[in-house]
Each structure stands twice: as structure tokens, then as C-alpha cells.
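Below are my notes on the model, as numbered points. Please read them alongside the sequence and the coordinates.

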Amino acid sequence: MLKKMGEAVARVARKVNETVESGSDTLELRLEGNFLHRLPSEVSALQHLKAIDLSRNQFQDFPEQLTALPALETINLEENEIVDVPVEKLAAMPALRSINLCFNPLNAEVRVIAPPLIKFDMLMSPDGARAPLP
């Protein structure tokens with residue numbers, strides 16, 4: 001397991017560094033299924049990033065550095081372990097159009113507070129729903 005985690009971290013770091021260093025107009029970062037529980041700090045440099053896929057990882061906390069990315073339109077955090085979401089910070093993101101939080105054990109407060117505050121699509125599973133088996 002530790003070896004898998006080390007390989008995943010190395011893969012993610014390489015992908016983020018390539019994206020930052022290339023200076024390309026890479027608009028999407030796909031890091032799904034990498035056993036991640038936090039993002040590398042280099043993600044903050046991706047000011048033109050439009051979409052990020054962090055599905056099927058091990059995030060317990062919402063990666064708040066995403067809320068500082070002004071061009072970010074789509075966030076996929078499906079199938080993680082996130083309980084709480086910074087709804088106010090998400091609501092202030094100028095370009096955000098959708099966030100996928102399906103199959104996360106979101107607390108009841110997020111489910112009640114989020115809908116009236118947000119101007120984007122927020123996908124959530126019904127309370128208690130489980131992710132489909134692979």
C-alpha cells in the first residue's frame with residue numbers, strides 16, 4: 001500500500017509540474033484514482049485551469065486551494081470521503097459552473113445550506129447512497 005501511495009504521489013507531482021512548467025494552455029488536470037488525500041501546493045500556480053478531476057481518491061477535506069483558482073469551471077470530487085464543503089468560498093468563485101460531490105458522506109448542513117447560496121450545479125448523491133462496486 002505504501003509503495004502504491006508513493007507511486008501515486010510521484011505521478012501526481014510529475015503531472016502538476018509538467019503542467020506548470022510547460023506554460024501550455026492546459027485547461028484540464030486529471031488526477032482521478034491516485035489515492036490522494038491532499039493536493040500538492042503547485043496546484044495553486046494553475047491560474048488558467050478550467051477543470052480538475054479528483055474523483056476516486058481519498059480526500060477527507062475539501063481541497064480549499066481550488067477556491068483560489070479564478071478560471072476553474074468544473075470540479076469532480078466524486079467518490080471521496082468529504083464531509084464538509086466551504087460553500088461560501090465556492091459561491092464566490094467567478095467561473096465555477098459545476099461541482100460533482102456524488103458518493104461523499106456530506107453532512108446534512110451542506111445539503112441544506114448549499115442550494116440557496118450557489119449559482120452553479122452541485123451534484124450530490126441521496127443521503128446514505130454508496131458508490132457502485134467496480
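1. Arg30 has a relative accessibility of 45% and therefore counts as partly exposed (buried means under 20% relative accessible area, exposed over 50%, partly exposed in between, with a 1.4 Å probe and protein chains only). Arg30 forms a salt bridge with Glu32, the closest N and O atoms being 3.0 Å apart (a salt bridge is a side-chain nitrogen of Lys or Arg within 4 Å of a carboxyl oxygen of Asp or Glu). Arg30 also meets the side chain of Asp53 in a salt bridge, at 3.9 Å from N to O. Asp53 lies in strand S2 and Arg30 in strand S1 (residues 28-30), so this pair ties together parts that are 23 residues apart in sequence. Asp53 counts as buried because its relative accessibility is 10%. Glu28, Arg30, Glu32 and Asp53 are linked in a network of salt bridges.

2. On the basis of the notes: this is a predicted model, in which local features need pLDDT of at least 70, side-chain atom pairs count only at pLDDT 80 or more, and totals for chains, interfaces and linings use all residues. Residues are numbered from 1 along each chain as its sequence is written, and side-chain values use heavy atoms, with hydrogens and water left out.

3. The protein chain has three helices and five strands, in the order α-β-β-β-α-β-α-β along the sequence. Helices (H or I, at least four residues) and strands (E, at least two) are DSSP runs, numbered from the N terminus. Of the 134 residues of the protein chain, 38% count as buried.

4. Six salt bridges are found in a search of the whole structure. One of them joins the side chains of Glu64 and Lys89, at 2.6 Å from N to O. Glu64 lies in the loop between S2 and S3 and Lys89 in helix H2, so the pair ties together parts that are 25 residues apart in sequence. Glu64 is partly exposed because its relative accessibility is 35%; Lys89 is partly exposed, with a relative accessible area of 44%.

5. Ser55 is found in the loop between strand S2 (51-53) and S3. With a relative accessible area of 4%, Ser55 is buried. The side chains of Ser55 and Asp53 are joined by a polar contact of 2.7 Å (a pair of N or O atoms within 3.5 Å; within protein, one must be able to donate a hydrogen and the other to accept it, and residues adjacent in sequence count only if both atoms are side-chain atoms). Not counting residues up to four places away in sequence, Ser55 touches residues including Glu32, Gly33 and Asn76, where contact means heavy atoms within 4.5 Å.

6. Asn76, in strand S3 (residues 74-76), counts as buried at 17% relative accessibility. Beyond four places in sequence, Asn76 touches Ile52, Asp53, Leu54, Ser55 and Asn100.

7. Which residues touch the most other members of the largest nonpolar core? Of its 30 residues, they are Leu54, Leu66, Ile75, Val85, Leu90 and Met122. Helix H2 (87-91) and helix H3 (108-117) each supply at least two residues of this core. Such a core is a set of buried Ala, Val, Leu, Ile, Met, Phe, Trp, Tyr and Cys residues joined through side-chain atoms within 4.5 Å. Leaving out residues up to four places away in sequence, Ile75 touches residues including Phe62, Leu66, Leu90 and Met93.

8. Val112 is found in helix H3 and counts as exposed, at 63% relative accessibility.
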